[in-house]
Amino acid sequence: MGKTIRLTMAQAVAHFLKAQMTVVDGKKVPIFAGVWGIFGHGNVAGIGEALYQVREELPTYRAHNEQGMAHAAVAFAKASFRSRFMACTTSIGPGALNMVTAAGVAHVNRLPVLFLPGDVFANRIPDPVLQQIEDFGDGTVSVNDAFRCVSRYFDRITRPEQIIPALKRTMQVLTDPVDCGPVTLSLCQDVQAEAYDYPENLFAEKVWRERRPRPDSDELAAALDAIRQAERPLIIAGGGVLYSRATAELKAFAGMHGVPIAVTQAGKSALPDDHPLCMGSIGVTGTSAANAFAEEADLILAVGTRLQDFTTGSWALFKNERARIIGLNTAAFDAAKHDGLPLVCDAREGLTLLSEALGGWKAPASVEAAAKARKTEWLAAANRATAPTNAALPSDAQVIGAVQRMTGGENSILVCAAGGLPGELHKLWQAHNPGSYHLEYGFSCMGYEIAGGLGVKMARPDADVVVMVGDGSYMMLNSELSTSVMLGRKLTIVVLDNRGFGCINRLQMATGGANFNNLLKDARIETMPEIDFRAHAESMGAVAVKVASIADLETALERSKGDDRTSVIVIETDPLVATEAGGHWWDVAVPEVSTRSQVKAAREKYEAARKQQR
């Protein structure tokens with residue numbers, strides 16, 4: 001084995017993590033930017049003590065909620081384009097389970113995060129320990145088994161030497177462009193404290209570099225043949241373009257070959273919104289320009305997207321009978337979706353090789369002419385939706401317009417997640433630089449916004465991070481607002497208060513349902529809650545103000561630029577108004593049987609719409 005060093009298993013984890021490096025912009029940096037930790041009886045004496053020993057090389061950050069700190073870690077990885085990431089540790093029981101939702105966010109969005117929850121005693125002598133779940137039929141079960149379905153790699157460490165192969169597999173998964181996603185190492189609390197003679201070379205510095213797989217020659221030839229035959233091509237750019245840092249290649253491809261580009265939620269900002277061939281968002285929350293091209297396209301080059309239902313309009317968007325999909329993706333799982341022609345490779349490599357082989361090939365001139373006309377028409381509609389207003393209760397779109405005018409500069413990053421805002425932002429927000437639009441819409445996880453904003457700020461400390469969040473998401477998880485103040489990571493947070501779950505209420509109405517249990521006024525209540533978001537944010541240490549109009553919002557946003565810590569601006573909005581321009585049908589099942597005429601009518605429309613699915 002060679003030279004060894006005697007450490008506890010937890011100490012081995014800490015020393016290993018601090019030795020892992022990567023290269024960003026030509027500079028060698030630690031690949032783990034730090035560890036989020038909330039300690040309890042399952043990790044304070046093991047991993048907690050170990051992290052103390054390496055606190056200068058591997059900083060530990062304390063949060064207020066396990067889900068919140070894990071969301072921050074997810075957002076950090078996304079804002080870093082997966083080049084760097086963080087770890088999260090908790091005790092057993094509820095602390096561990098609180099992270100499972102965030103693990104789902106990371107898994108769906110293919111983002112690297114290392115989860116290190118404490119676990120029960122491997123020796124089982126003191127069982128059942130505090131917070132232990134007992135399965136009557138399986139003595140090996142603990143709450144951490146919940147991580148299995150939301151982890152790319154899961155391991156339970158029941159002997160100290162098991163951590164050696166587990167750590168090596170962990171790094172392979174976290175850095176692999178295909179397998180990339182969350183890893184869970186479930187650390188039995190007694191084993192964390194057990195010592196072992198570890199090989200010294202386990203803790204040698206290692207530099208991880210990005211792998212860029214090139215395409216198979218036959219797949220490349222088939223894709224080129226399909227593109228050359230296309231008369232109405234369209235590119236759909238997903239998050240993989242950003243993770244690959246292939247934005248320059250995407251822009252060059254569009255300019256060279258005259259192909260319009262539509263963007264998914266994860267892919268927005270891969271091409272600047274003011275680029276003449278950027279048609280904006282696609283699908284259910286798409287612009288009229290992008291969706292018009294999608295409906296008539298005979299060739300769709302899907303780059304770095306998993307083609308979820310919001311992108312494809314529940315597979316009813318592509319109406320051309322001759323439409324073919326080329327799936328340019330590092331994952332064969334995604335590349336072959338919907339009988340597509342797979343082109344399994346890195347986005348940057350694939351776009352470069354396609355462009356070189358196509359040479360002077362260009363889409364018909366009519367395509368660029370249509371792009372100009374459709375974009376002009378869409379921008380006019382978007383400008384009307386976001387224009388200033390004197391309405392007592394402005395729409396989300398009008399608030400977005402104000403935030404864009406006051407904060408949407410080259411150095412800003414917009415953060416959001418769930419509810420009605422993502423759909424409006426996808427259509428209306430004008431993104432500039434790669435990564436300047438940060439939406440978590442793979443899992444659409446309420447409560448991600450503020451914690452995610454903190455993670456983005458930690459990854460991009462020089463950026464102006466603006467968080468837009470509805471009152472529903474704010475109420476679900478707001479504790480890391482205080483953490484942002486505590487860590488000196490300034491955010492600008494705009495809270496849109498429509499007094500309930502306005503987005504799902506609109507969907508309920510659209511499917512024929514009665515207004516029920518979404519807006520606070522339609523829930524079972526004895527007293528209407530009067531939540532003072534301004535006072536709450538102020539009590540958490542933020543500078544906070546409530547405004548009564550769009551004009552006041554713009555003034556408050558300008559003033560917030562001079563604040564020395566996180567600023568929160570609250571504005572009441574109309575829960576029933578959404579931008580009518582753009583968009584597409586979405587498959588939300590409507591009951592076949594109901595006593596309500598509105599539901600019956602909605603079911604008829606639903607059945608007619610389903611006939612368009614391909």
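Analyst: A nonpolar core is a set of buried Ala, Val, Leu, Ile, Met, Phe, Trp, Tyr and Cys residues joined through side-chain atoms within 4.5 Å. Buried means under 20% relative accessible area, exposed over 50%, and partly exposed in between (1.4 Å probe, protein chains only). The model is predicted: local features need pLDDT of at least 70 and side-chain atom pairs count only at pLDDT 80 or more, while totals for chains, interfaces and linings use all residues. Residues are numbered from 1 along each chain as its sequence is written, and side-chain values use heavy atoms, with hydrogens and water left out.

User: Which residues touch the most other members of the largest nonpolar core?

Analyst: In soluble globular proteins, nonpolar side chains tend to be buried together. Here the largest nonpolar core has 87 residues, and Leu-301, Leu-354 and Leu-553 touch the most other members. Helix 15 (residues 365-386) gives the most to this core, with seven residues; helices (H or I, at least four residues) and strands (E, at least two) are DSSP runs, numbered from the N terminus. Apart from this core lies another of 56 residues, among them Ile-38 and Val-568.

User: With which residues is Leu-301 in contact, leaving aside its neighbours within four places in sequence?

Analyst: Contact means heavy atoms within 4.5 Å. On that basis, the partners of Leu-301 beyond those neighbours include Leu-234, Phe-253, Ile-326 and Leu-354.

User: How is a pair of aromatic rings described?

Analyst: It is described by the distance of the centres and the angle of the planes. Rings of Phe, Tyr and Trp (its six-membered ring) pair if their centres lie within 6.5 Å; planes under 30 degrees apart count as stacked, over 60 as edge-to-face and the rest as tilted. The structure holds 10 aromatic pairs. Tyr-196 and Tyr-198 have ring centres 5.0 Å apart and planes at 70°, so their pair is edge-to-face. Tyr-196 is partly exposed at 24% relative accessible area, whereas Tyr-198 is buried at 0%. Ring pairs link these two residues and Phe-203 into a cluster.

User: What is the geometry of the pair formed by Trp-585 and Tyr-606?

Analyst: The ring centres of Trp-585 and Tyr-606 are 6.3 Å apart and the planes lie at 45°, so the pair is tilted. It links distant parts of the chain, 21 residues apart: Trp-585 is in the loop between strand 23 (567-572) and helix 24 (597-610), and Tyr-606 is in helix 24. Trp-585 is partly exposed, at 23%, and Tyr-606 is buried, at 7%.
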